[in-house]
Amino acid sequence: MNRLDELLLLWQDQSIGEAELAELKTHLADEAGRARIAQEFFFTGMLAETLQAEKAIGAASGAWQDTTTPVKSAPSIIASRFLVAASGLLLLSVVGGVVWLNVRMPHPAEPSSAAFGQFETVQGEAYVVADQHRLPAHRGQVLSAGQGIATEGANSEAVVSMRDSLRLKLGGDTLVFAESDSGDRHEAASKIVLRQGELLVEATRSLKRNRMRVQTPLGTATAESDEAALHVSEAAGVIVVRGEIHFVHQETGKALHLSSGQYVATTPAGDVYASEFFSGNGNVWTTFPKSGLETTSLGYGVAFSPQGTLATVSRTAEGGVRLGTIHGEQRGLSGERCVQFSPDGKTLATAEKANIHIHDAATLARVQTLEGQERRSRVQCLAFSPDGKYLAVGRGGSRGAGTVELWALSTGMLQRSWQNHSADVTSLAISPNGQWLASGSLDRTVALRKLSDEEMPAQVIDAPALPVWSLSFSPNGKTLAIATGPKDFRLREAGMALLWDMHTQNVRQSLGGHTRAITSVVFSTNGQTLITGSADTTVRFWDLAAGREYGMFKGHKAAPGFEAIALALSPDGTCLVTASFDRMVKIWETTWIRDHSATAFLSWPRGDVP
Amino acid sequence: MSERIKTLSARFVAERHYLMGFIYGMVRDLAAAEDILQEVWVRLAEAAERGESILEPGRWCRGVAKNLILHHWREKRTAKVIADSELLDIVEKAFEENEEPWLERRQALMKCIDALPGKSKQLLRLKYDQGLSFADMAKRLRRSKDGLKMALHRVRQALVACVEKRLTSLEPET
């Protein structure tokens, strides 16, 4: 064994020392050494994968046995997954067809004595589910107790009338089981179990003794009034549409009484309480053309100028930037991903790949272009300094770490650049006094830089356990709100909003309730309410004094996981703008924002309703 | 799935062993290496969806993998994982300089592993499947660390020789 082989074994064994590591690097200074390490790593990787694949195949036939120790349960490799999946599909297609013929599925022509419900309408794809099998459902089809109803596709719907005067309306991609509440199938009321998706359950007449009971992943809701309607969804949980509901939380057993218009809110600690569901439709300000790109990353941005001009941007080249007042005509401009007004509202910054264009906000004439030095390093976010003299730019790209830059607008020169992130920079915020620049990244950190002190190294906050999607300073600059969530919005992993205390340098509060990534965060103008938009399709309102979610609304049409709401509050705090993957930009009344000084909700100036 | 993503997907699947060697060589943890490999694929698909121009997918994937490896190391700081970004750069360069005939090599290797004696296979499994350190292997097998290092080296040399022999025998005669 030569010295290079020996050093490579030590590296592989993770027992290499600093001196040996330095020695290894000297061996790799020449091409022959590098050829050796490439061959060695390639060979080792192949070896590890081959052994895993052999084990996966051997395990199925019982051939692979390690006689020295129980085998560590490492995840199987992609190849073995493909193999297993392919074998499974083959088996299913061969065996499943035979089994299918033997499953007794209900048919409208021969209603079962145990008929429990009947399909009223079917739109798109709907199925009756029995055990592991599915049969396409159609109008008039009978449902037996214990069978499930499934819809597939975001636009599919099914309405099913239950024997005991309940009506179920299933939204897209939903799975519901209708069970008997007791052993007696003929007498008992339905127990509706929502496994996934969105469901409206309503009583069509007085239920008297056999009251509606709906089991959700969060807990069990039982009607307390004769007439009741309940909306249950993954995004918003349990909302009472009509009547009175007794709710028992599954994890804690805590009981709640919910009235019409209330929903079950949860704290990160697992506590539950009743909050208010804000209903109503926002006014559509604009819509963007379909791009086919609405998948897993932020695609829309919104910003207000101090004069009330609204700018929004979509990911699509066709859509670009739209600009206008909330009542007036809209104008278009090319751009993507992000858009920002200068604090005086006279300048508009837009991004296009690696470059930033500075426009006159009145004429939309391009007055300056700040060219990115690396073509592949796309602009992801922008922030103006409060004096309007500097523009902070957050970048990310396929190669290299996330970068933050500070450009002087008077000269068009890059003043400073930082590389504190190992992944894309997704968000930027500058404190109201212009002292601090915060950047959030997919690398699950926030970096804080003191702009007035060039020597001071960036402070890296690693409190976020998930990628950071949005940042916002409170109006007094004492708190930084950090919105986090999984990188893939389709994951059912709850995002959190963290409130970072700039003075104590600690997380003061963690706000949880959204069921997916939080994609946007803004403070109300009085700093007492935090507003969060999420991939779970909801916008939620948080009372910062109480540290609790006090309300939410659901304003866009995309399915959970295919939503990423961007938020902006008008400078006077009178209107909230949301933009999302349903390609709509909507304007909402801000009557839902709490004003603690008045201990009431701010009233909407009716004359200005758009 | 668009034609472009299909083409990239096919190429990724076909060439992934080479990328896996790069990732696994650096992180030395099969589960983590697989996670990184899959994340690279996700990013490649996303970039393709966005319509980004990817002229050299192999190089592009190594670049993404490199960042993910750095991130992995950063997350594992507390686990005392030995990490060195300079070495990472050197290895990336090494992979750029040395393109291997990956597919034939892998097929040959599978056959060569099959032909190994039981004890040699056991060594390979302990090291590369279960990821044991030489110290742990020494305890389990009641052998010295140096002896095990040498034994593993010999098994690997035998495999390299076997692979080369198989590849040579496959080459068309001129």
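**Close-up views of a predicted model**

Figure 1. The structure shown here and in the following views is a predicted model. Seen from the other partner, the closest cysteine sulfur to that of A:C381 is the one in A:C338. A:C338 is buried, its relative accessible area being 7%, and A:C381 likewise counts as buried, at 7% relative accessibility.

**Figure 2. The disulfide of chain B.** Over all chains the count comes to 1 disulfide, and it is formed by B:C112 and B:C162, whose sulfur atoms are 2.0 Å apart. B:C112 lies in helix α5 (residues 102-114) of chain B and B:C162 in helix α8 (residues 145-170) of chain B, so the bond ties together parts that are 50 residues apart in sequence. Because the torsion about the S-S bond of B:C112 and B:C162 is about -90°, the disulfide is left-handed. B:C112 is buried, with a relative accessible area of 3%, whereas B:C162, at 23% relative accessibility, counts as partly exposed.

**Figure 3. The largest nonpolar core and the surroundings of A:L24.** This core has 72 residues, and those with the most contacts inside it are A:L24, B:F22, B:I23, B:M26 and B:L159. Helix α1 (residues 3-27) of chain B contributes the largest share of the core, 11 residues. Leaving aside residues up to four places away in sequence, A:L24 touches A:L4, A:L7, A:L8, A:W11 and A:I16, together with B:L87 from chain B.

**Figure 4. An open antiparallel sheet in chain A.** Four strands of chain A form this sheet in the order β30-β31-β32-β33, and their pairing is antiparallel. The edge strands, each of which pairs on one side only, are β30 (425-430) and β33 (459-461) of chain A. On average, and with direction ignored, neighbouring strands of the sheet are turned by 20° against each other.

**Figure 5. The pairing of β30 with β31 in chain A.** Strand β31 (residues 436-441) of chain A pairs with β30(A) in the antiparallel sense, over 5 bridges. For A:V425, the bridge partner in β31(A) is A:S441.

Definitions and conventions
Residues are numbered from 1 along each chain as its sequence is written. Chains are lettered from A and ligands numbered from 1 in the order in which they are written. This is a predicted model: local features need pLDDT of at least 70, side-chain atom pairs count only at pLDDT 80 or more; totals for chains, interfaces and linings use all residues. Side-chain values use heavy atoms; hydrogens and water are left out. A nonpolar core is a set of buried Ala, Val, Leu, Ile, Met, Phe, Trp, Tyr and Cys residues joined through side-chain atoms within 4.5 Å. Buried means under 20% relative accessible area, exposed over 50%, partly exposed in between (1.4 Å probe, protein chains only). Helices (H or I, at least four residues) and strands (E, at least two) are DSSP runs, numbered from the N terminus. Contact means heavy atoms within 4.5 Å. A disulfide is a pair of cysteine sulfur atoms within 2.5 Å. Two strands pair if DSSP finds at least two bridges between them. Axes are lines fitted to C-alpha atoms, for helices over the stretch in contact, and angles run from 0 to 180 degrees between N-to-C directions.
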